[in-house]
Each structure stands twice: as structure tokens, then as C-alpha cells.
Amino acid sequence: MSLSLDPAKAPQFLDAMLRRNKIVLISATYCQFSTKLKMLFIETKHRFVSLEIDIIPNGREVFAEVVGRSGQHTVPQVFLNGRYLGGYDDVIALYRKGTLSTTLEKK
């Protein structure tokens, strides 16, 4: 995926990932909240793609693009159908209300 290797292509790389995947989790391997959300998505059987900003090529540039779109400076961040859904607290709130699955299954 050559788009990820060029820092100037971070917006295009993120656009491609958001376009090709219904649920995109912006994550970091060292973040316990990212790990908890991944486990929640797996347990609830929701397919997702995780972009680990600390290990993907030019993750810093990709994360800068994410921050520009969401306004949030932390991980995890979840995008659904190309739009920012929220962070850990937002997703957990949906889960506790019992609306996470219906939210994630919307087209």
C-alpha cells in the first residue's frame, strides 16, 4: 500500500481506509482503551479495521489527519461509514444503552 509510505499521502491513505471499511478504529498498541474497544468489537462480532498509529508507516501523519477530522487528540477513535463516531467513552455509552449493534449495523 504505497499511499502509507509517503507522508504527504496521509489524507488519501485515510480516505481509502475509511471508504473501504465500514468500521475503522484508530488505535495504538500501548493504549489499554484501544485494546478494550477491540475486544468489545470482537465479542459483539463486528468486523473492523484497526490502524495502529504507533506501528503503521507514517502513523504520526495519519493521526494528524485523524485529529483534523475529529478534533480529538486521543486514541481510540472510531469511524463508521467514513464519519467520526466517537472515542472510547462514546462507544461504551452506546454499548451500555444497548444501541451499539444497531448503530454499527446502519448503512
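Guide: The following account begins with the sheet, then turns to the helices, the aromatic rings and the loops.

The model is a predicted one, in which local features need pLDDT of at least 70 and side-chain atom pairs count only at pLDDT 80 or more, while totals for chains, interfaces and linings use all residues. Residues are numbered from 1 along each chain as its sequence is written, and side-chain values use heavy atoms, with hydrogens and water left out.

Helices (H or I, at least four residues) and strands (E, at least two) are DSSP runs, numbered from the N terminus. Four strands make up an open sheet of mixed pairing, in the order β2-β1-β3-β4. Its edge strands are β2 (49-52) and β4, each of which pairs on one side only; two strands pair if DSSP finds at least two bridges between them. From one strand to the next, the twist averages 25°. Such angles run from 0 to 180 degrees between N-to-C directions, and the axes are lines fitted to C-alpha atoms, for helices over the stretch in contact.

Strands β3 and β4 are joined by four bridges in the antiparallel sense.

Strand β1 (residues 23-27) contains S27. This residue counts as buried because its relative accessibility is 0%; buried means under 20% relative accessible area, exposed over 50%, and partly exposed in between (1.4 Å probe, protein chains only). The side chains of S27 and S34 are joined by a polar contact of 3.4 Å. A polar contact is a pair of N or O atoms within 3.5 Å; within protein, one must be able to donate a hydrogen and the other to accept it, and residues adjacent in sequence count only if both atoms are side-chain atoms. Leaving aside residues up to four places away in sequence, S27 touches S34, K38, S50, L51, E52, I53, D54 and V75, where contact means heavy atoms within 4.5 Å.

Next come the helices. Helix α4 (residues 88-97) has Y88, V91, I92 and L94 as buried residues. These lie on the same side of α4, because they cover an arc of only 155° around the axis; the arc is that of the directions from the helix axis to the C-beta atoms. The face of α4 turned away from this buried side carries the exposed residues D89, R96 and K97. The cover over the buried residues includes α2 (32-43), β3 (77-80), β4 (83-87) and α5 (100-105). Helix α4 lies across β3 and β4, and runs at about 85° to β4. Just after α4, G98 takes a positive phi of about 85°.

The aromatic rings may be considered next. Rings of Phe, Tyr and Trp (its six-membered ring) pair if their centres lie within 6.5 Å; planes under 30 degrees apart count as stacked, over 60 as edge-to-face, and the rest as tilted. By this rule there are three aromatic pairs. One of them is the tilted pair of F41 and F48, at 5.4 Å centre to centre and with 50° between the planes. F41 is buried, with a relative accessible area of 0%, whereas F48 is partly exposed at 23%. Another pair, F79 and Y84, is edge-to-face because the planes of the rings stand at 65°, with the centres 5.6 Å apart. Here F79 is buried at 2% relative accessibility, while Y84 is partly exposed at 29%.

The loop between α3 (59-70) and β3 holds P76, and the peptide bond from V75 to P76 is cis, with omega near 0°. K45 is placed in the loop between α2 and β2; its phi is near 60°, a positive value in a residue other than glycine, and K45 counts as exposed at 73% relative accessibility. N58, found in the loop between β2 and α3, is likewise a residue other than glycine with a positive phi, near 55°. With a relative accessible area of 24%, N58 is partly exposed.
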